[in-house]
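Hi,

Here is the structure I promised to send over. Have a look at it first, and then read on for my notes on the annotated sites.

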Amino acid sequence: MIFSPGTRTVIVPLLGTTLAMLVEEAQEAQRAGADIIEWRVDMLFGEHPNFSFSQLGSEIIPQLVQATQIPLMLTIRTASQGGAVKVSEGRYRLLLAEMLDTLLQLRVPGDRIVVDIEYWHRAAPDLARRAQELGYTVVISDHNWLSTPEADILRIMYDDMLAIPGVVAKLAVTAHNSDDVDRLLDVTREVTEETQRMVIAVAMSEQGRRSRFEGWNYGSVATFAACSRPSAPGQPHISEILAVRDAPEA
């Protein structure tokens with residue numbers, strides 16, 4: 001498991017559309033102080049819905065692993081979750097299976113890989129179990145680009161994701177006001193205190209920006225920051241996040 005309770009992990013997405021761009025972004029993120037880099041696979045393959053992960057993954061993953069010393073998160077963000085690739089449920093499952101097979105063939109160490117699996121997929125529990133059998137950390141994620149649900153719905157979503165053993169639950173919502181941010185953070189604290197499980201809480205939008213700086217105080221183990229350009233609304237630059245995280249305690 002790459003994450004640990006009580007840690008304040010900073011994840012920087014890589015949004016490049018060529019191998020050279022990805023390697024450059026990865027090295028820049030590591031120099032800037034990122035704890036984890038996230039390859040947004042969908043940004044590269046968004047215009048090619050029939051792509052084979054095995055082929056290009058076999059080329060790109062070793063380059064990113066060799067160019068850095070920090071863990072690599074692999075994410076195929078679908079269009080319904082705010083990503084760049086439109087795929088059917090069956091196609092998504094196939095892509096994740098190809099990803100895991102590719103990692104196995106490459107023999108990438110478990111302490112270098114995090115796999116993002118979208119919560120909506122019926123095969124999420126099976127895919128998570130397979131990834132864990134290979135030694136990889138799994139994040140089960142859901143992204144609401146319209147609103148922040150009521151507290152009872154947020155709690156149900158957390159509980160459903162955490163019903164999958166051993167995963168980290170990531171819940172990203174869209175905040176329209178300060179009450180939305182408070183609601184997400186309060187439910188996050190409630191869930192982490194009661195379950196002793198790890199979660200990542202993010203309120204997207206400028207109104208939700210403070211969640212990225214305060215989430216750690218409510219039990220969220222990580223946040224996302226930009227190095228070149230943001231991957232979501234309200235995402236701050238990594239320098240801003242680190243200035244707050246690493247500031248001496250009063």
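The side chain of R77 makes a polar contact with the side chain of D116, at 3.0 Å. Please keep in mind that this is a predicted model. R77 sits in the loop between β3 (72-75) and α4 (89-106), and its relative accessible area is 3%, so R77 counts as buried. UniProt, in an unreviewed entry, lists R77 under "binding site", together with E38, W39, R40, R212, S231 and Q235.

Another residue from that list is Q235, in the loop between β8 (222-224) and α9 (238-245). Because its relative accessibility is 9%, Q235 is also buried, the cut-off being under 20%.

Now to the "active site". Which residues does UniProt list there? H143 and K170, again from an unreviewed entry. They are spread over 28 residues of sequence, yet they cluster in space, with a largest C-alpha distance of 8.4 Å.

H143 lies in strand β5 (residues 137-143), while K170 belongs to strand β6 (residues 168-174). Are they buried or exposed? H143 is buried, with a relative accessible area of 8%, and K170 is buried as well, at 6%.

Leaving aside residues up to four places away in sequence, H143 touches R77, Q81, K170 and A172.

Technical notes:
Residues numbered from 1 in each chain as written. Predicted model: local features only at pLDDT ≥ 70, side-chain atom pairs only at ≥ 80, totals over all residues. Heavy atoms only, no water. UniProt positions renumbered as here; feature names shortened; annotations may be inferred. Helix = DSSP H or I, 4+ residues; strand = E, 2+ residues; numbered from the N terminus. Buried < 20%, exposed > 50% of the residue type's maximum accessible area, 1.4 Å probe, protein only. Contact = heavy atoms within 4.5 Å. Polar contact = N/O pair within 3.5 Å; in protein donor to acceptor, adjacent residues only side chain to side chain.
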